[in-house]
Amino acid sequence: MNPPNKLEAIVLVGGRGTRLRPLTVTVPKPMLPTAGVPFLAHLFARARAAGVTRIVLATCYRSETFEESFGDGAGLGLELEYVREDEPLGTGGGIRNAASWLRSGPDEPVLVLNGDILSGHDLGAQLALHLSSDADVTLHLTEVPEPGRFGCVPTEPSGRVAAFLEKTQRPVTNRINAGCYIFRRSVLSEIPAGRAVSAERETFPALIERGARLMAYADDAYWLDVGTPSTFVRGSCDLVLGCLESPALPGRPGEALLLPGSSVAPDAVVCGGSAVGQGSVVGPGARVEGSVVFDDVEVGPGARVRGSALARGARVGDETVLDGAVVGEGSVIGPGNELRHGARVWPDVTLPAGAIRFSSDL
Ligand code: GTP
């Protein structure tokens, strides 16, 4: 079969994003500002570049946010459709539910993407493999040092998927499920309808069990699951720095992305791929390194912010140090605090001046 010129995709965006709390208390993970735009804008731009013209979004948690931001998709050169789950249907159930909104024929390929993966892999090559090998499903695989936290996917020498071992304690390979699949459309109807289903624990093992043809597209392109605070911050910085090209980046790659309406004092430093959102202010002598600063944030004079995420409306006091911290929407960190090592401040919390400090030898 020739590559289609009107490829459809399903994007899973219904998860609660618990690992990214408190950022996801107010904003669903795929909508978090990432290198100046909602994370999904990067994913959409890549899909568009690979020939996708229509996307069905499988939404659940804070579902209204998506349509409010992207509308019918015309501004992105896409046709967007929003499907809402009243109760979370899981990854497999979400795919099955969204599949009823597809228009592709039974043998046509449909792209299915997790809405929290930043990947530079060649979608066109994955599609070409899917078509040339007449696969039922073609999975993108990537290699990670700690495969046990993901779905471990051993393959046969032919490239056929041999097993799917979700979060196993004894990974047999470093190759993991990278969260980007191409399904033959008719295969989607094998997923049970009307109930929660895990694609990773149920759908893929069942397809292998029944002898379906699952092929692996493995490579070593840029790949990051942005589901934790540290990887979210890293992903945004990598996009700003240009480690991964994105057509959706609102500016040129560089040390910092300062959005219109932000202001940085002349002697302040913003570097390491930091993004500073609209209406945000970085005060005199402050340093913001490798961080994500959402809109309407204030970083006080002399503050030091590294590897951290500051949600909309956060205030960081004078001389405060944030290192690997997450500050929720509208929170105020009084002057002279030190928050390090994955500290998380919930939305609308006020931390008095100097309340938390580390001893100087840390
Ligand atoms: P954590 O709670 O931090 O694990 O995040 P998550 O809820 O996003 O779960 P996970 O990272 O495993 O999800 C992978 C992808 O599937 C993400 O893009 C989620 O938005 C999506 N997803 C997870 N559960 C559901 C669901 O029940 N329905 C839909 N439509 N999407 C889901």
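A residue is called buried when its relative accessible area is under 20%, exposed when that value is over 50%, and partly exposed in between. The model described here is a predicted one.

**Strand S1 and its partners**

- Strand S1 spans residues 7-12. Leu-7, Ala-9 and Val-11 point one way from S1, while Glu-8, Ile-10 and Leu-12 point the other way, and all of these residues are buried.
- Strands of a sheet pair through backbone hydrogen bonds, and the pairing is either parallel or antiparallel.
- S1 pairs in the parallel sense with strand S4, residues 52-59, over six bridges. In this pairing, Leu-7 stands opposite Val-52 of S4.
- S1 also pairs in the parallel sense with S6, here over five bridges. Ala-9 stands opposite Leu-111 in S6, and Val-11 has Leu-113 as its bridge partner.

**Strand S6**

- Strand S6 covers residues 109-114 and is mostly covered, with six of its six residues buried.
- Both faces of S6 are covered: Pro-109, Leu-111 and Leu-113 lie on one side, Val-110, Val-112 and Asn-114 lie on the other, and all are buried.
- S6 pairs with strand S11, residues 175-184, in the antiparallel sense over five bridges. Within this pairing, Leu-111 stands opposite Ile-182.

**An open sheet of six strands**

- The strands S15, S18, S21, S24, S27 and S30 form an open sheet in the order S15-S18-S21-S24-S27-S30, with parallel pairing. Its edge strands are S15 and S30 (350-351), each of which pairs on one side only.
- Within this sheet, S18 (residues 281-282) and S21 (residues 298-299) pair in the parallel sense over two bridges. Val-281 stands opposite Glu-298 of S21.

- Helix H2 runs over residues 39-49, and because eight of its 11 residues are buried, H2 is largely enclosed by the rest of the structure.
- The buried residues of H2 are Phe-39, Leu-40, Ala-41, His-42, Leu-43, Phe-44, Ala-45 and Ala-47.
- Gly-51 follows H2 and has a positive phi, near 105°.
- Leu-131 belongs to helix H5, residues 123-132. Leu-131 counts as buried because its relative accessibility is 15%, and the cut-off for a buried residue is under 20%.
- Leu-131 and Glu-108 are 23 residues apart along the chain, and their C-alpha atoms are separated by 9.3 Å.

**Exposed and partly exposed positions**

- A patch of negative charge on the surface gathers Glu-64, Glu-67, Glu-68 and Asp-72. Of these, Glu-68 lies in helix H3, residues 64-70. Glu-68 is exposed because its relative accessible area is 63%.
- Pro-260 is found in the loop between strand S14 (256-258) and strand S15 (263-264). Pro-260 counts as exposed because its relative accessibility is 63%. The C-alpha atoms of Pro-260 and Ile-55 are separated by 30 Å, and these two residues are 205 residues apart along the chain.
- Arg-304 has its place in strand S22, residues 304-306. With a relative accessibility of 41%, Arg-304 counts as partly exposed. Arg-304 and Ala-248, which are 56 residues apart along the chain, have C-alpha atoms separated by 29 Å.

**Points of backbone geometry**

- Most residues other than glycine have a negative phi, and most peptide bonds are trans.
- A cis peptide bond joins Arg-21 and Pro-22, with omega about 10°. Pro-22 is placed in the loop between S1 and helix H1 (23-26).
- Ala-35 is not a glycine, yet its phi is positive, at about 50°. Ala-35 is found in the loop between strand S2 (33-34) and strand S3 (37-38), and is buried with a relative accessible area of 0%.
- Asp-296, likewise a residue other than glycine, has a positive phi near 55°. Asp-296 lies in the loop between strand S20 (292-293) and S21, and is partly exposed, with a relative accessible area of 34%.

Definitions and conventions: Residues numbered from 1 in each chain as written. Predicted model: local features only at pLDDT ≥ 70, side-chain atom pairs only at ≥ 80, totals over all residues. Heavy atoms only, no water. Buried < 20%, exposed > 50% of the residue type's maximum accessible area, 1.4 Å probe, protein only. Helix = DSSP H or I, 4+ residues; strand = E, 2+ residues; numbered from the N terminus. Pairing = 2+ DSSP bridges. Patch = residues over 30% accessible without salt bridge, like charges linked within 9 Å, V, L, I, M, F, W, Y side chains within 5 Å. Areas by Shrake-Rupley, 256 points an atom, 1.4 Å probe, with all protein chains shown as cover. Salt bridge = Lys/Arg side-chain N within 4 Å of Asp/Glu carboxyl O. Lys, Arg positive; Asp, Glu negative; His and termini not counted. Charge placed at Lys NZ, Arg CZ, Asp CG, Glu CD.
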